[in-house]
Amino acid sequence: MKRAFRKYHRTLAIILAIPLVLTLVTGIAVSLIGEWSLSLGVSRSLLLKLHTGEILHLEKIYPILNGIGLLGMVVTGLSMSSLFTRRPQTNRTP
């Protein structure tokens, strides 16, 4: 079972790397430009269009896909971590 989850986790990580990094970087850049008034050489509106997926006309589904992908990564990662498996109890006799 863990082998299957590792396979799914690895595949999901490869697929989700680009959109998640794009969302991460553009979100940070928008905050830097908007809140701290830094000039990064790129307009804030362009960064927001990239951040929301509007530039590819995916603004309605892009956040949902990012969320579902992250949820899949969390589920497969937690299942591999052995946090929820029962350990056999050892009988200790005094």
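Leaving aside its neighbours within four places in sequence, which residues is R44 in contact with? They are V30, I33 and G34, where contact means heavy atoms within 4.5 Å. This is a predicted model, in which local features need pLDDT of at least 70, side-chain atom pairs count only at pLDDT 80 or more, and totals for chains, interfaces and linings use all residues. Residues are numbered from 1 along each chain as its sequence is written, and side-chain values use heavy atoms, leaving out hydrogens and water.

**R44**
- R44 sits in helix 2; helices here are DSSP runs of H or I with at least four residues, numbered from the N terminus.
- With a relative accessible area of 39%, R44 is partly exposed, a class between buried (under 20%) and exposed (over 50%), using a 1.4 Å probe and protein chains only.
- K2 lies 42 residues from R44 along the chain, and their C-alpha atoms are 43 Å apart.

**Helix 1 with helix 2**
- The axes of helix 1 (residues 2-36) and helix 2 (residues 44-52) come within 9 Å and cross at roughly 150°; axes are lines fitted to C-alpha atoms over the stretch in contact, and angles run from 0 to 180 degrees between N-to-C directions.
- The two helices are therefore roughly antiparallel, the term for angles over 145 degrees.
- Helix 1 contributes L22, T23, T26, G27, A29, V30, I33 and G34 to the contact, and helix 2 contributes R44, L47, L48, L50 and H51.

**Helix 1 with helix 3**
- Helix 1 also packs with helix 3 (residues 62-80), at an angle of about 145° and with axes 9 Å apart.

How values were computed: Angles under 35 degrees count as roughly parallel, over 145 as roughly antiparallel, 65 to 115 as roughly perpendicular and the rest as oblique.
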